[in-house]
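Please open the model in your viewer and keep the selection panel at hand. The stops below proceed from one element to the next.

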Amino acid sequence: MSARLSLTRHGPAEGLPLVLLHAFPLDSRMWDAVVADLTGRDDPVPVVTVDAPGFGRSPRARDLARRLGCPDAPSLRTYAAAVEDVLAAEGIDRAVVAGLSMGGYVALALAERHRDLLAGIGLLDTKATADGEDARATRLRVADQATGPLGARAVAPMIDTVLSPATPENQPDVVRTVRGWLEEAPPHGIAWAQRAMAGRPDRVAALSGLDVPGLVLRGADDVSSSQEDAETMAGALADAEVVVVDRAGHLSAVEQPEVVAEALRALHARCA
Ligand code: MLT
């Protein structure tokens, strides 16, 4: 496997790309329905999906870090550098970048260190503030569990928190799919990503002075990123649209893909 992130292009080859960065501990499959909507209409959007280090078809973070000259210690800065690297290898030096939750943390890391790449930013079910001590300790515990006998079962309880209470009744297939993704999550990827997220700093300031269109979106029932988190990010951006998605929790793009696709399409149109 080459030491570059796995990238897939969808829809038209020409035009400003919309790069989608997925949530933890999933991979780019979580965008499938959103991508189908964005690329399946009369005015298709050029979309690029990227798998996180150690997830999907991407190589492990330590191999990426070595090739990119990044520190070995898990960091979302390494993930951001690897995104810029794989986009550059594709000839992409400007894009609208949208990330959900962990993907949003990486979009924020791009805003901090790779600002010229961004023609627009989408921050979905995410937050720009750092973790408190308790959240950090929980992440480090889950990281240790994932590399021990528990493996991917360390993240199984997430099924109880990432979806809207409306989803099990209205969309039981979504619950089955997400549960399957959690079971398939690679233990080494879980551990690396949890340690990287535990170490992320507050990045509200990275949004100030980012003079490009922004979208801040959250599921109305998201218990991981609050309305206050969304308002903090929107307040720091120069030009932000805020969207709240009904009947969606933390995984809004999986629970209500058409609504999320519409918001992303509108963001892309503001940037193109
Ligand atoms: C995610 O969905 O990416 C995670 O909830 C991120 C996190 O653990 O903060």
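Six of its six residues are buried, so β6 is largely enclosed by the rest of the structure. Here buried means under 20% relative accessible area, exposed over 50%, and partly exposed in between, with a 1.4 Å probe and protein chains only. This is a predicted model, in which local features need pLDDT of at least 70 and side-chain atom pairs count only at pLDDT 80 or more, while totals for chains, interfaces and linings use all residues. Residues are numbered from 1 along each chain as its sequence is written, and side-chain values use heavy atoms, with hydrogens and water left out.

Display the side chains of β6. Gly214, Val216 and Arg218 point one way, whereas Leu215, Leu217 and Gly219 point the other way.

Strand β5 (residues 118-124) pairs with β6 in the parallel sense over four bridges, and Gly214 is the bridge partner of Ile121. With strand β7 (residues 240-245), β6 also pairs in the parallel sense, over six bridges; Leu217 stands opposite Val243 there. From β6 the chain crosses through helix α10 (residues 227-236) to β7, and this β-α-β crossover is right-handed (with the strands pointing away from the viewer, the path from the first strand over the helix to the second runs clockwise).

Within helix α10, select Ala230. At 4% relative accessibility, Ala230 counts as buried. Which residues does Ala230 touch, not counting residues up to four places away in sequence? They are Val216 and Arg218, where contact means heavy atoms within 4.5 Å.

Now move to helix α4 (residues 102-113). Its twelve residues reach 17 Å from the first C-alpha to the last, close to the 16 Å expected at 1.5 Å a residue (the expected span is 1.5 Å times one less than the number of residues). Ten of the twelve are buried, so α4 is largely enclosed by the rest of the structure; among them are Met102, Tyr105, Val106 and Leu108.

Select helix α5 (residues 133-146) as well, which has 14 residues. Its buried residues are Arg139, Val142, Ala143 and Ala146. Seen down the axis of α5, these fall within an arc of 105°, so they line one face of the helix (the arc is that of the directions from the helix axis to the C-beta atoms). They pack against α4 and α8 (187-198). On the other side of α5, Glu133 and Asp134 are exposed.

Of its 95 residues, Leu20, Trp31, Tyr79, Val178 and Leu264 touch the most other members. The largest share of this core, eight residues, comes from helix α4. Centre the view on Leu20: leaving out residues up to four places away in sequence, its contacts include Trp31, Val50, Ala98 and Leu264.

Finish at Ser6, in the segment before β1 (7-10). Is Ser6 buried or exposed? At 13% relative accessibility, Ser6 counts as buried. Apart from neighbours within four places in sequence, Ser6 is in contact with Thr49, Val50, Asp51, Arg57 and Ser58.

Note on methods:
A nonpolar core is a set of buried Ala, Val, Leu, Ile, Met, Phe, Trp, Tyr and Cys residues joined through side-chain atoms within 4.5 Å. Helices (H or I, at least four residues) and strands (E, at least two) are DSSP runs, numbered from the N terminus. Two strands pair if DSSP finds at least two bridges between them.
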